[in-house]
Amino acid sequence: MSVVAIDPWAMLPEGLPVGLPKGLGLPEATQERLSGLRLLLAEKYPAAERKPGGILPTGLAPVDAVEGGLRRAALTELSGGSGAGALFIHAMLRAVSREKCLAALVDAARSFEPEGCAPSALTRLLVVLCEDAAQAVKAVDLLLRDGNLSLVLLDLQSAPLREIRRIHAGAWHRLQRLVEQTSSALVVLTPQPMVEGARVRIALNAQWTLSAQRRWRQDLAAEMSARVFPRHCAALGGAPGGAEWQTREESVSA
């Protein structure tokens with residue numbers, strides 16, 4: 001069980017006096033004592049402040065070209081084929097090794113293959129294998145409360161669509177609110193745009209032949225194209241909540 005502290009004074013409109021309203025009929029001395037008590041409590045138990053955001057570079061030129069990388073303290077949805085998603089995960093493991101930070105991968109379908117990953121990246125990675133999409137969302141909820149992870153990846157690309165669609169929109173908004181209080185970058189990988197409340201949407205596109213199996217992952221990743229849609233930009237086709245996004249589109253290809 002977690003306890004959430006709520007500061008009712010923070011909910012008051014700006015510009016109100018620190019002391020209590022004069023119209024309550026309390027003696028002046030009592031109002032001064034109550035005001036002093038409020039200031040003492042605010043100093044001893046300060047409200048939780050939002051941690052600074054920033055950008056986590058991915059090392060993928062099409063993605064970094066728009067905003068420099070992944071937004072910290074924000075939920076990013078990445079959609080595309082499972083092959084492109086796997087290459088993105090491996091690219092982020094290289095970024096974790098390069099940035100010397102900690103990351104977590106929550107796998108809803110047990111599809112992660114660590115072969116080919118640098119040992120230096122795997123030592124900084126926590127892998128959580130889940131039974132279904134709902135369990136994976138709950139795992140991410142717990143991980144975001146830790147505060148020590150620079151990157152949290154939720155891989156739903158191999159999960160059945162019916163499981164993903166059962167996730168209530170409120171769950172995505174809750175994850176967004178949680179990540180806003182951290183310096184983590186949260187990325188949800190989906191087969192198609194379907195995460196309500198995402199601050200950024202990235203659409204990866206890649207076409208390969210069977211010969212791609214004999215090529216290096218870094219070379220294949222360099223051939224991917226990406227369309228990045230920050231908040232207030234055009235929504236992807238069929239994405240829920242598309243009316244919240246303006247008509248300006250950011251599009252970059254490798």
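What is the volume of the largest cavity? In this predicted model, the largest cavity has a volume of about 50 Å³. Residues are numbered from 1 along each chain as its sequence is written, and side-chain values use heavy atoms, with hydrogens and water left out.

A search of the whole structure returns 1 cavity of 30 Å³ or more. The search runs on a 1 Å grid over the protein atoms alone, and a cavity is a set of points where a 1.4 Å probe fits but cannot get out. Points are joined across faces, edges and corners, and the volume is the space filled by probe spheres set on them. Rolling a probe the size of a water molecule over the atoms shows where empty space is left. Lining residues have an atom within 4 Å of a point. For the largest cavity these are Val63, Glu67, Gly69, Leu70, Arg71, Thr76, Val200, Ile202 and Val228. At least two lining residues each come from helix 2 (61-67), strand 2 (70-71) and strand 8 (200-205). By class, the lining holds 5 nonpolar, 2 polar and 2 charged residues. Here Ala, Val, Leu, Ile, Met, Phe, Trp, Tyr, Cys and Pro count as nonpolar, Asp, Glu, Lys and Arg as charged, and the others, Gly among them, as polar.

The protein chain contains 8 helices and 10 strands. Both are DSSP runs numbered from the N terminus: helices are H or I with at least four residues, strands are E with at least two. Of the 254 residues in the chain, 41% are buried. Buried means under 20% relative accessible area, exposed over 50%, and partly exposed in between, with a 1.4 Å probe and protein chains only. The accessible surface of the chain comes to about 14200 Å², and carbon and sulfur atoms account for 55% of that surface. Areas follow the Shrake-Rupley method with a 1.4 Å probe; for residues, only the protein chains shown count as cover. Contacts (heavy atoms within 4.5 Å) were also sorted by sequence separation. Among those between residues at least 6 apart in sequence, 67% join residues at least 24 apart.

Strand 8 also contains Leu204. Leu204 is buried, at 8% relative accessibility. The C-alpha atoms of Leu204 and Ala226 lie 4.6 Å apart, although 22 residues separate the pair in sequence.

Helix 4 (residues 119-122) includes Ala121 and Pro119. Ala121 is buried, with a relative accessible area of 2%, whereas Pro119 is exposed at 61%. Not counting residues up to four places away in sequence, Ala121 touches Leu93 and Ser97. Its C-alpha distance to His90 is 9.4 Å, across 31 residues of sequence. For Pro119 and Leu93, the C-alpha distance is 10.0 Å and the sequence separation is 26 residues.

Helix 7 (residues 169-180) holds Gln176. Gln176 is buried, with a relative accessible area of 3%. Beyond residues up to four places away in sequence, Gln176 touches Ala73, Ala74, Leu75, Gly197 and Arg199.

Ser150 sits in the loop between helix 5 (133-144) and strand 6 (151-155). At 15% relative accessibility, Ser150 is buried. With residues up to four places away in sequence left out, Ser150 touches Leu56, Arg72, Cys101, Leu102, Ser183, Ser184 and Ala185. Cys101 is itself buried, at a relative accessible area of 9%. Cys130 is buried too, at 3%. A disulfide is a covalent bond between the sulfur atoms of two cysteines. With a cut-off of 2.5 Å for the pair of cysteine sulfur atoms, the structure holds 0 disulfides.

Backbone angles were examined next. Most residues other than glycine have a negative phi. Lys100 has a positive phi, near 55°. Lys100 lies in the loop between helix 3 (82-99) and strand 4 (103-107). At 61% relative accessibility, Lys100 is exposed. Arg110 also has a positive phi, of about 55°, and is not a glycine. Arg110 occupies the loop between strand 4 and helix 4. At 47% relative accessibility, Arg110 counts as partly exposed.

Conventions
Predicted model: local features only at pLDDT ≥ 70, side-chain atom pairs only at ≥ 80, totals over all residues. 1 Å grid on protein atoms, 1.4 Å probe; cavity = no way out; pocket = protein on both sides within 12 Å on 5 of 7 lines; lining within 4 Å.
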